[in-house]
Amino acid sequence: VAVGAARVALASTVASLALDESLSHVDASRMLLVDTETTGLHGGSGTLPFVIGLAWFEGESLLVRQLFVPRPGHERPLLARLAERLAAASLLVTFNGKCFDWPLLRTRFVMNRLPVPGGLPHLDLLHCARRVFKRRLGATKLTDLEAQVLGFHRHDDIGGAEIPAVYFDWLRGGRAADLERVLEHNAQDLISMAAVLAELCRRFDAPAGDDAAEDCLGLARVAERSGESARAEDFARAAAERADAPEVVFDACALLARLCVRRRAWDEAAGWLERATALPSARAALAHLAYARICEHGLKDLPRALHHAQRGADAESAEMHARRLARLRGK
């Protein structure tokens with residue numbers, strides 16, 4: 001993946017992937033990627049971010065700078081440097097930073113009696129990656145994305161759970177060998193974050209013919225939620241055509257039917273639901289019920305509506321089901 005592609009990402013694409021309209025006018029070339037290494041994995045005022053990794057673009061180059069706290073009580077200059085970089089940036093980019101890195105850094109600013117930098121839009125790539133890749137990958141840790149999306153595999157990488165002990169060993173005896181591994185781990189995180197952003201934008205703007213069906217379905221749902229119905233239909237259609245798993249095809253067809261209903265394309269919607277109801281899915285009753293609604297209200301085909309309503313009994317309460325059947329028979 002070309003890491004530099006993140007520098008020219010369209011603000012509209014970033015906003016859509018993040019489902020955050022406030023990002024629609026940011027200048028991606030002035031993003032600041034931030035990742036910390038800490039003395040604990042649960043946050044709190046007793047957790048010290050002893051490495052603050054920063055990365056930003058200058059021209060076409062991604063520069064990585066790592067701020068290291070040699071011992072507790074000496075983080076104030078590092079926080080001041082971080083504040084300077086944040087002030088020069090247009091966008092803060094993290095991976096799980098909304099839940100961990102940024103709340104932790106904000107606490108350290110307060111504890112050091114420094115003004116907390118504010119007002120910068122924040123893009124958390126973990127949430128974007130989950131929406132697109134979770135169905136295929138299950139786990140969406142950064143190393144999972146590297147291996148399964150970026151095609152990159154780390155060797156001799158230090159585990160996150162080992163990192164606090166390395167810093168405590170450094171404080172006790174100044175041993176630097178494992179600390180170098182921590183710094184390499186942090187630098188790779190920053191570079192991979194830029195690569196993940198570049199790949200997400202590439203898939204959203206110009207999908208390839210070999211993008212997995214599950215990923216296309218994830219992108220379709222993102223496009224739908226961001227109000228881009230035409231793009232959502234394109235992704236969902238690709239998912240329906242490429243998928244082997246019946247449940248993926250079912251979800252793609254159901255989404256396509258819903259999008260067709262929004263533009264009142266009743267026949268198209270019925271066609272997608274016809275395909276969905278023919279699949280061996282445990283949720284077939286839901287498709288039958290949606291099909292019944294389209295036949296009743298869109299196509300005005302009451303016999304077909306009654307047929308599918310009868311087969312959708314498991315998708316609604318007994319009372320609602322009886323009322324629906326009575327209404328259709330009455331009509």
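In what order do the five strands of the open sheet lie? In this predicted model, the strands follow the order β3-β2-β1-β4-β5, and their pairing is mixed. The edges of the sheet are taken by β3 (61–68) and β5 (122–124), each of which has a single partner strand, so that one side of each is left without a neighbour in the sheet. From one strand to the next, the twist averages 25 degrees.

Helix α2, which spans residues 76–88, packs on this sheet and touches β1, β2, β3 and β4 (91–94), and the direction of α2 makes about 25 degrees with that of β2. Strand β2 (residues 49–58) pairs with β1 in the antiparallel sense, over seven bridges, and within β2 it is W56 that stands opposite L32. The strands β2 and β3 likewise run antiparallel and are joined by eight bridges, with G53 standing opposite Q66 of β3. These two strands, β2 and β3, form a hairpin that has two residues between them, and in its turn G59 adopts a positive phi of about 65 degrees.

Among the helices, α4 and α5 pack with their axes 12 Å apart and at an angle of about 75 degrees. Because angles of 65 to 115 degrees count as roughly perpendicular, α4 and α5 are therefore described as roughly perpendicular to each other. On the α4 side the contact is made by A129, F133, R136 and L137, and on the α5 side by D144, L145, Q148 and V149.

Attention then turned to the open spaces of the model. The largest pocket holds about 650 Å³ of space, and of the 24 residues that line this pocket, D35, F95, N96, H185 and D189 are the closest to its centre. At least two residues of the lining are supplied by each of β1 (31–38), α3 (97–111), α4 (125–137), α5 (142–150), α6 (163–173) and α7 (177–205). Strand β1 gives the most to the lining of the largest pocket, contributing four residues. The lining of the largest pocket comprises nine nonpolar, eight polar and seven charged residues.

The second largest pocket has a volume of about 300 Å³ and is lined by 16 residues, of which A254, L255, R258, L273 and A290 lie nearest its centre. Its lining draws at least two residues from each of the helices α10 (246–262), α11 (266–277) and α12 (284–298), and α10 provides the largest share, with seven residues. Here the lining residues divide into eleven nonpolar and five charged, with no polar residue among them.

Conventions
Residues numbered from 1 in each chain as written. Predicted model: local features only at pLDDT ≥ 70, side-chain atom pairs only at ≥ 80, totals over all residues. Heavy atoms only, no water. 1 Å grid on protein atoms, 1.4 Å probe; cavity = no way out; pocket = protein on both sides within 12 Å on 5 of 7 lines; lining within 4 Å. Points joined across faces, edges and corners; volume = space filled by probe spheres on them. Nonpolar A, V, L, I, M, F, W, Y, C, P; charged D, E, K, R; others polar. Axes fitted to C-alpha atoms, helices over the stretch in contact; angles between N-to-C directions. Parallel < 35°, antiparallel > 145°, perpendicular 65-115°, else oblique. Contact = heavy atoms within 4.5 Å. Pairing = 2+ DSSP bridges.
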